[in-house]
Amino acid sequence: MTLDLLRFTTAGAVDDGKSTLIGRLLYDSKQVFEDQLEHVAAASERRSGAGALDLALLTDGLRAEREQGITIDVAYRYFATPKRRFIIADCPGHQQYTRNMVTGASTADLAVVLVDARRGVTEQSKRHAFISALLGIPHILVAINKMDLVEHSQERFDELVAEFASFADGLDAVTGRRPPEITFMPISALEGHNVVERSTNMPWYDGPALLELLEQVDVAYDHPFDRPARFPVQWVIRPGAGANGAGLPSSGASSAVPARGGADPDYRGYAGQLASGGLRRGDEVAVLPGGGRTRIAAIDTYDGELEEAVAPMSLTLRLEDELDISRGELICRPEEAATVARELAADVCWMSDRPLRPGGRYVLKQTARLASAIVDRVEDVVDVHTLQRTQPAQELALNDIGRVHLRTSAPLAFDPYTSNRRTGSFILIDQDTNETVGAGLIAAEAA
Amino acid sequence: MAVATRPQLSHLRALESEAIHVMREVAAEFERPVLLFSGGKDSIVLLRLAEKAFRPAPFPFPLMHVDTGHNFPEVIEFRDRRVAELGERLIVASVQESIDKGRVVEETGPRASRNQLQTVTLLDAIAEHGFDAAFGGARRDEERARAKERVFSFRDDFGQWDPKNQRPELWNLYNGRIKKGENVRVFPISNWTELDVWEYIDSEGLEVPSIYFSHERPVFKRDGMLYAWREGTELIEGEEVFNETVRYRTVGDMSCTGGVLSKATTLEEVVVEIAATRITERGETRADDRVSEAAMEDRKKAGYF
């Protein structure tokens, strides 16, 4: 299946040509507006003299970035071709690289990993490929850049492909999931070769240009209609209860605020976004973690009732029986229910200066559920170079990724991240600072 | 149940669903949210998304407009009509009142604008009503500082945005935890482009203020932009008022929003025009962003949207 909206992520260091590549993609696909181009032309001339046009400047958003020639944070860019719309999560590669790459990858369907043809496969490229695979991105496009600086050599290209492929062979073992599909292509972002237009300098390469591939690539992962249905309840709609009553468990309706447009004051709908799969009117459903069962009486949307709904639609379900359901509970089919547990084993990407250690307490958010979580132990830390899990580990420091055992204050309904990105993910929040300090990918119920 | 017959979401419906999800998260996790409604196209879309998220119940938050007193009269008329249709509550925070109370000092001269002043009025209103989350219609494609902003944009108790220290935003798991006095600006249509907004307005059949369509009005030319003339406008020597056929791509203060020459009189024609344009909406129409390379960034750090 092709989607008409493709989200992809790029990551890279200051001088590996990432900003130039994105600038080139936007510029050559005529997505750069005249006033933006004037800004860039003026800034290029100030820095590099008359006639210079530094496409990298197109992507620098903040004053400090322009002044220091760095990229501070993930930026989101938008462009479209007649075939597809694109959202780029553009991640800087310095300092906070893991944090930024994980953030960008968490919503992406595809990753563009850059390799500098002169410098070879660096730790940065490896880390990006590993994180992309771990976060379940189904397709990695390895762009071997700066081919103009290695005389467009096929030999050099083949050498780097072999090196990267041998590294990538270890990905499935460490991530525990099917390896991503990897496509290699030789490009020169500076000259614009194989970015939007196919290159004439590399006749030995007969694959598509980068943009062509982005337009065609099949990315069905995050839109799994044939996966089990998962519907986390976000909000309870009860017109009879008034604004303040909605979203809370039922406690007897008050009639302080009249319903709009003659809405039934007894109306009770469970609102949320289908995380995966599809639901039909009349389906038998179970509500987790409690396990109560009922049937779907109606699938409501503002635009009318539906017979059937699929992910990622936002909807409101009405159920045949009055169950006491509140935010954070999960509606699914009883024969394909999610796991319910309070002890989890998960891979955690750590994003804080204060390390994660056994005994640490955090606020955990998974789907629409908040709970307290205590770290029982740190099992291992992944070495990104060798893709080995080193055991045992005492803590996860900033930018570490490792396997952690957690206990939560309330049971969670979840799936392993490898089978469901939405119900298998969580964030950890520091109780004191309220900072988001960790990204978690659930492996299984902890033994 | 053949897979092939399953409905597939268009990019516009996928963006819509994502935005509805964001709105429901805010309603559930904050005590006192508010939705900023200016009468402009982006906040018109927010209102429709709120209907889709919360009907048949009333919205679990009021609407608020920061009125500079220099808004287009057509927009104010539309604002009040739309709010009445929805049957929701509107709070008007007035820049004029902030001036009268001495909270801010009115700029003078022909280039006077109330654009800077509205940040104070906004922050005062947020404090007065104790709002802890405010929905805005800002989009990341609008401006390069906005390209860096989160969907949940954390503000400290001075209302400031710290772009170097934003919370990472993973999957669709938003961190809404704040301390008293802090607030979050929430941008449900962060991932929409200007064209998406117009296509959505068209597909939903939403009404927009008449100034978005081509019309003739008295204007004057300044810094290459066509500004609306109104009673009391101070002209600079050499400027003259003439009639021109224009429409507006953005709806801001009359004093800093320029019109564009256009013959688009229907939503369809506007969509065609936007699809073909080679200039960004802010570059073409907003004097407030032209002040410096980082004008928007500076205003955002001070508490602006």
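Me: Which residues are buried in H3(B)?
Reply: This is a predicted model, where local features need pLDDT of at least 70, side-chain atom pairs count only at pLDDT 80 or more, and totals for chains, interfaces and linings use all residues. Residues are numbered from 1 along each chain as its sequence is written, with chains lettered from A and ligands numbered from 1 in the order in which they are written. Helices are DSSP runs of H or I, at least four residues, and strands are E runs of at least two, numbered from the N terminus. Taking buried as 20 or more other C-beta atoms within 10 Å of a residue's own, with C-beta atoms placed from the backbone, the buried ones in H3(B) are B:Val75, B:Phe78, B:Arg79 and B:Arg82.

Me: Which exposed residues does the face of H3(B) turned away from its buried side carry?
Reply: Exposed means 12 or fewer such neighbours. On the face turned away from the buried side of H3(B), that gives B:Pro73 and B:Ala84.

Me: What do the buried residues of H3(B) pack against?
Reply: Call two residues in contact if their C-beta atoms, placed from the backbone, lie within 7 Å. The buried residues of H3(B) then pack against H2 and strand S2 (63–67) of chain B.

Me: At what angle do H1(B) and H2(B) pack?
Reply: Axes are lines fitted to C-alpha atoms, for helices over the stretch in contact, and angles run from 0 to 180 degrees between N-to-C directions. The axes of H1 (residues 11–29) and H2 (residues 41–54) of chain B are 9 Å apart, and the packing angle is about 70 degrees.

Me: Which residue just after H3(B) takes a positive phi?
Reply: Phi there is about 70 degrees. The residue just after H3(B) is B:Gly87.
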